[in-house]
Amino acid sequence: MAPNAAARADTFPKLLVRNAQVFGTRPAMRHKDLGIWQTWTWAEGLDVVRAYAVGLHRLGLRRGETIAIVGANRPRLYWSVMASQMLGAIPVPVYADAVADELAYVLAHADVRFAAVEDQEQVDKIQSVLERVPKLELMLYDEKRGLRDYDHSRLHSMDDVIDEGRKALASDPSVGVWLDGEIAATKGSDPSIILYTSGTTGASKGVLLTGERSIKAASDTVAFDKLTEHDVSLAYLPLAWVGDHYLNYAQGLVSGFCTACPENSDTAMADLREIGPSFYFAPPRTLELLLTRVMIRMEDAGLLKRKMFHYFIGVARKYGERILNGEHVSLGGRLLYWLGDLLVYGPLKNVLGLSRVRVAYTAGEAIGPDLFAFYRSIGLNLKQLYGQTEAFLYLTAQPDGEIYSDTVGRTFPNVDIRIAENGEVLFKSPGMFAGYFKDEAKTAEVMTPDGYVKTGDAGYFDEKTGHLKIIDRAKDVGRLNDGTLFPPKYIENKLKFYPNIREVVAYGDKCDFVAVMLNIDLTAVSSWAERNNVVYGSYQELAGHPLVYDMLEKHVAEVNRSLAADKMTAGAQIKRFLILHKELDPDDGEITRTLKVRRGFIEERYAPLIKALYDGSKEADISTQVTFEDGRKGIISARVTIRDMKTEPVTPTMGKAA
Amino acid sequence: MRAPGGPDVAVGDVLLAVENVSLSFGGVKAVSDVSFDIRKGEIRAIIGPNGAGKTSMLNVINGFYHPQQGRITFKGEARARMRPHEAASGGIARTFQNVALFRGMTALDNIMAGRTLRMHSNFFWQLLRYGPAMREEVEHRRRVEEIIDFLKIQEIRRVPVGRLPYGLQKRVELGRALAMEPELLLLDEPMAGMNLEEKEDMSRFVLDANDHYGTTIALIEHDMGVVMDLSDRVVVLDHGIKIADGTPAEVKGNQAVIDAYLGVAH
């Protein structure tokens, strides 16, 4: 294929062929296996995928059919995506930790005949719901363990399928020619993948993306962040999430960078450090978790180290961001920062695996200003972007040097954004989806007559910076009974910045005052309990401990003070709060797989608690059903205490920078 | 994967036979006149109420205790007395009721320690960590990494086991025993003190070890559900006497067993 033909590659299989020619000896994929990093170059990757595609075709996978991909970020699962796309089939990644019920829904809705899964756990899960997925014929698995004695009439090892294909390619040259024809026959306008949204609002929908649009979108961002074949990223985000498919898969194929797969999900932190990626994406929650861990470890450090850490973090707060933004900083400041970098920031970034990061993004939820500032102040070029699955990710992003904690950046090149009259953000973008799979009604619902897509988010363009600001989900912004504006996310995020608080659900819309339900962060609070000799037997007991309540009451009081500082939010101070007896869990449907709170569902589930928050009772009883990881159910009951808070008088402060 | 010493035993044949074994400490009879066998490739459970003599039985099998009467035949060789190190080099590995690991060492090093008996290069080379010793270490490390992968403990590879939660320590201990590539693996209450999820994980590892490595397993366990699900055959002890022996279903229906567990009026 001539280079100019390669430039026109409008499907991922064609891009893969191009990469094998242009970046042949560059690493395409790494995976830590048996403790050693294994590497596949683009040329080797293409070989495997070709063999795999032939094998899949022999098993009966045809153009236009769907194939489910279930599992963690592993090379063979990425290859399953590539190989099926090579045949013109449509991969449908599913969240690996989805319970059997969710899995059955997606598999059945997507009409899959094939499923490529990671291991025995997933095979078992699918087999347990087989009668609900009547069209499923064949399963392929990556990890052999435990599957030896299974009935293999409808079950194949990926290795065997690849071997089979490899033999066919070696023994019969016409097979290779045929496959070249298949690759050439893939069309940019055909569906490339179906990504099921995590379903913040009800059942998940299958977002259909085409190859040409996906590649266009990814080309824009690759150019924006100047990604090249010398970059490396660690694929640790769920395979089924648009973020992984975009940031690692699509950008990797477009730019030719290397995607490294962690050994398993629990080793991602250590693997991050070993790989030292240059492109990094983390949702605010992960950044929060990292910071919490650092802070906890610092609490346990010796006095000298602790003092040094806190002193230089102070220095970083003062100068770090300004240095990163290229603003003027005094020589003394620069010297202190340099020393801090030597003693604290450098080693800290090294421990976190962020030393080599050139471009880092966060998105998915609003990030606390302090959290955001922390990472930027230690010299990590962390930026925000805004996007969604329907847009194939990017709508806005912050250019280098234009970073604000409360904006999501400028409209991306080739993207068109409009704000509707009700404040909802509408868009047209290069990567725009082709529709929801088998759901024209829903597709029509989110489209405006003139072809814009409704995001469901409320926002506005900041006059000073020209950046987009997202306030909340359009339907979530509410008002108290006295007409005060009630932005729940805003309040929740302020509380969530405290390491002791893991999750918050705020109520106030059409109520007399604001009340919140809190989830403690077990890591942080249990460490605190250990240091303070607080004895507890379970999560529930710790969450209900009076001393824990005292500690969190202080946090709530501080948030009230900061709410009082702004005239707009002063009326939305928290009057009452409680600490939930159990952690909000995606298995119970309380938060999505991408860890977003499902407000409406929680409202129903914890109705007695919410009632108690507003009727003045001092405590309330609650019992909730919980789902264990294997799908079994149990009941947790508790008596939850409610605390009253004093509210602050309105005290507007002047000229405080965000 | 054959342990050195002794002839091979085919799957399904008797690997170890306990014949009329009695053991007492002073006046206390821990085990009296117990006979049963363990067949190659099976999972054999030893159950019984507290103080039934289960752990004593296990200690007799791996040579830690010497029975006053009776004999033990392992791979066709009868022995009245066997020392633990002989048992180990003969292919018998075990885990303990209260985890017995090197607490200051990492999980990796602990499992590597299980390979000690299989290291052959001489002291001199090992000291230099060069030549044959290096090659050997690489090979052993590969085996250990397979076990780490098998038990899904990659994330704790470099963590000193003293810092690990109990459930993971149990898993490391199982790893160390598996690293010996034993023909017979003795597990003393592998699920004790675990929650439901940890038990399920551990059960899967026991089943997989049996399936994947073909290891014959004898285990002591209190959780009846676990025993019934895991084992091929069960022997029941009560006050040092064997009261039942058979498949889980047979044992479950046995009146003597029900009496021993629920208690009867004497």
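User: In chain A, what percentage of the contacts with a separation of 6 or more is accounted for by residues 24 or more positions apart?

Analyst: This is a predicted model, in which local features need pLDDT of at least 70 and side-chain atom pairs count only at pLDDT 80 or more, while totals for chains, interfaces and linings use all residues. Residues are numbered from 1 along each chain as its sequence is written, with chains lettered from A and ligands numbered from 1 in the order in which they are written. Two residues are in contact if their C-beta atoms, placed from the backbone, lie within 7 Å. Among the contacts of chain A with a separation of 6 or more, the share from residues 24 or more positions apart is 65%.

User: Why does the radius of gyration of chain A agree with that of a compact globule?

Analyst: The radius of gyration is taken over C-alpha atoms, and the globule rule is 2.2 Å times the number of residues to the power 0.38. For 658 residues a compact globule would come near 26 Å, which agrees because chain A has 26 Å.

User: What share of the residues of chain A counts as buried?

Analyst: A residue is buried if 20 or more other C-beta atoms, placed from the backbone, lie within 10 Å of its own. Among the 658 residues of chain A, the buried share is 48%.

User: Which residue in the hairpin of β1(A) and β2(A) takes a positive phi?

Analyst: Strands are DSSP runs of E of at least two residues, helices are runs of H or I of at least four, and both are numbered from the N terminus; two strands pair if DSSP finds at least two bridges between them. β1 (residues 27–33) and β2 (residues 36–41) of chain A pair in the antiparallel sense over six bridges, and K32(A) has W37(A) as its bridge partner. Two residues lie between the strands of this hairpin, and the positive phi, near 50°, belongs to L34(A).

User: How many residues of the side of chain B that touches chain A are charged?

Analyst: In this interface, 14 residues of chain B are in contact with 14 residues of chain A. On the chain B side, α5 (132–150) and α7 (196–212) each supply at least two residues. Asp, Glu, Lys and Arg count as charged, Ala, Val, Leu, Ile, Met, Phe, Trp, Tyr, Cys and Pro as nonpolar, and the others, Gly among them, as polar. That side of chain B has one nonpolar residue, two polar and, as charged residues, 11.

How values were computed:
A residue is buried if 20 or more other C-beta atoms lie within 10 Å of its own, exposed if 12 or fewer, and partly exposed in between; C-beta atoms are placed from the backbone.
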